[in-house]
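Subject: Structure handover

Hello,

Here is the structure I promised to pass on. Please open it first, then read my notes below.

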Amino acid sequence: MPPARIEPQIAVFPDGTTITLAPNQDPREVFADWLITPRNPWFTRSIVNRVWYWLLGRGIIHEPDDIREDNPPSNSELLAYLEQELVAGGYDLKRFYRLIVSSNTYQPSSMPRFNDPRAEANFASYPLRRLDAEVLIDAINKITGTTDLYTSPIPEPFTYIPADKPAIAIADGSITSPFLTLFGRSARATGMENERNNKPVPAQWLHMLNSSHIQRKLEQGPGLKAIFDSGRRPDEIVNVLYLTVLSRLPTHEERKTVAEYMRSARPRRNAASDIPWALINSPEFLYRH
Amino acid sequence: MNTIHKSSGATDTSRREVICRGFRSAAGLLTADYLLAADHLLARGLADQTRPDKVPGRVGAKVKARSVIQVFLWGGMSYIDTWDPKPAAGYNYMGTLSAVIPTNVPGVQIGGLFPKLAEQADKFSLIRGMTHRNNGHETAAYLMQTGHTPGERLAYPSVGAVFSLFKSPEHKGVIPPYVVLTRSHGRFSEEGFLGPRFTPFATGGDPNAQRFEVEGVIARGITDDRQKARRKLLTGLNTMGHAMAARQELANTEEAKKQAYEATAAFTWPAAGP
């Protein structure tokens, strides 16, 4: 029997307009094309506000999930300008990120300069935020030269991600690890931004400070071994370690503290995991600042 | 009998003891004895409310479950092999596990794999009249855990998170009210819209090991002296933290860290009194 002829289908966009889908047309492509047109102002506004939120810690419309008539943007000219820029750039997100990160607004330090409550709403200083779960574990793995296992038991057959893939490259919210769950990665059950949660809870500290998962990385990771067994002088080792973990050289005080710890640690090799342990548990490492 | 008696010289139960006890009841507990004890307690608590006349010697006694253990099998064990066999349906339906055994409750049969449970059927409740019409493990698990169909605008919390929401006002101690062995499950975050305070505490570790070590609470191979020394090192190297000590974000994380230290203190540090 020949396959039944597939008739063109009528589809309705969220704004009420209709379109006829040809039998060989993927409706998702049609929807994606509709999403990024200037006649759909909602997506533009939402993504502009979200990118701003990701980069500056607070939406121009605050909270980013709460876009409605009676929740006005803190700066409507800025929002309108950014919407225009995104549309003018053909919805090129990379170009759009560049526009924001090269702006003066993005440059201030995280040391607050004003006590005025309006300062935060107007992006007067860079906000402190804990690294996202994926970024945090990727950074720890990069430093220690280790990997994590990401799996999903649903749907069967189970999914396993190759070990060399970083957590930020996992496309699916259901493929996860205990670390990612604990540190508030979004499960993407909804489209809401607030599904990701970076607020600190004690269980996260227990994991960072005490878990065998992290301790094993610190003790056995080839990345740290390479630094400590490099045959360099102790002060050079400390320099490389600081550059690797915190992207800066140690201060005079820190150098003294670390040298003292290296001298007093028994057995001495404890220092090779305890010093990086202290650095990855400092807010300077854990926070965007 | 019920008065709390404080003799001179005797201290209250130490915090360490309370935490250890609380923790055993929350997580460390997967010994068969304990499971049965807890089950028994739960069954009795329910029995007292529903049919006090059937529990000899405990008429009118108020026994309440203090904790609940949920064993969720994700559809893994078939009901016809276990709790709800259909012997009359024949081999094509029952397959090779067709043996059924009577229980100590007249009229109730369960699968032949459960001879010990069959002897105790008066102590548990069995619900056979429920189905959810959902074919996917993922979506069905969400439905069973949250009571909501997937695809609504919100991600709903699972039953354990709801439980800890309502029970946390009276919940004391540093051990979280909602603990999972050994890792959180599934596609949907179990705390749902309630947020990370209601994320289950995942024990990690291997419950089958000789000594079950809860991840994060006991630091393996780190002596108390070393633990103290490296914490001092952490404080000494916390340059940015000291410079920004006034920032609320850092105060929040320091508070969480303090609570974490308190949790570990009960296990790895010598108890310094109550």
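This is a predicted model.

**Cavities**

The structure holds 3 cavities of 30 Å³ or more. The largest cavity has a volume of about 70 Å³. Which residues line the largest cavity? From chain A come A:Arg130, A:Leu136, A:Phe183, A:Pro200, A:Gln204, A:Trp205, A:Met208, A:Leu286 and A:Tyr287. Chain B supplies B:Thr253. By class, the lining has 7 nonpolar, 2 polar and 1 charged residues. Helix α8 of chain A, residues 202-210, gives the most to this lining, with 3 residues. As background, rolling a probe the size of a water molecule over the atoms shows where empty space is left.

**Where the chains meet**

Next, the contact between the two chains. Chain A brings 55 residues to the contact, and chain B brings 50 residues. The area buried between chain A and chain B is about 4500 Å². Carbon and sulfur atoms give 67% of that area. How many salt bridges are counted between chain A and chain B? The count is 2. A:Asp274 forms a salt bridge with B:Arg230. In that pair, the closest N and O atoms are 3.9 Å apart.

**A hairpin in chain A**

Strand β1 of chain A covers residues 9-12, and strand β2 of chain A covers residues 18-21. The two strands run antiparallel, and 4 bridges join them. One of the partners to look at is A:Thr20 in β2(A), which bridges to A:Ile10. Together, β1(A) and β2(A) form a hairpin, with 5 residues between them. In the turn sits A:Gly16, with a positive phi of about 100°.

**Backbone points to check**

Most residues other than glycine have a negative phi, and most peptide bonds are trans.

- The peptide bond from A:His62 to A:Glu63 is cis, with omega near -15°. A:Glu63 lies in the loop between α2 (41-56) and α3 (76-88) of chain A.
- Chain B has a cis peptide bond from B:Leu181 to B:Thr182, again with omega near -15°. B:Thr182 is in the loop between β3 (179-180) and β4 (201-202) of chain B.
- A:Ser247 is a residue other than glycine with a positive phi, near 60°. Its place is in the loop between α11 (234-246) and α12 (252-264) of chain A.

Best wishes

Methods:
Residues numbered from 1 in each chain as written. Chains lettered and ligands numbered in written order. Predicted model: local features only at pLDDT ≥ 70, side-chain atom pairs only at ≥ 80, totals over all residues. Heavy atoms only, no water. Pairing = 2+ DSSP bridges. 1 Å grid on protein atoms, 1.4 Å probe; cavity = no way out; pocket = protein on both sides within 12 Å on 5 of 7 lines; lining within 4 Å. Points joined across faces, edges and corners; volume = space filled by probe spheres on them. Nonpolar A, V, L, I, M, F, W, Y, C, P; charged D, E, K, R; others polar. Contact = heavy atoms within 4.5 Å. Buried area = accessible area lost by both parts, 1.4 Å probe. Salt bridge = Lys/Arg side-chain N within 4 Å of Asp/Glu carboxyl O.
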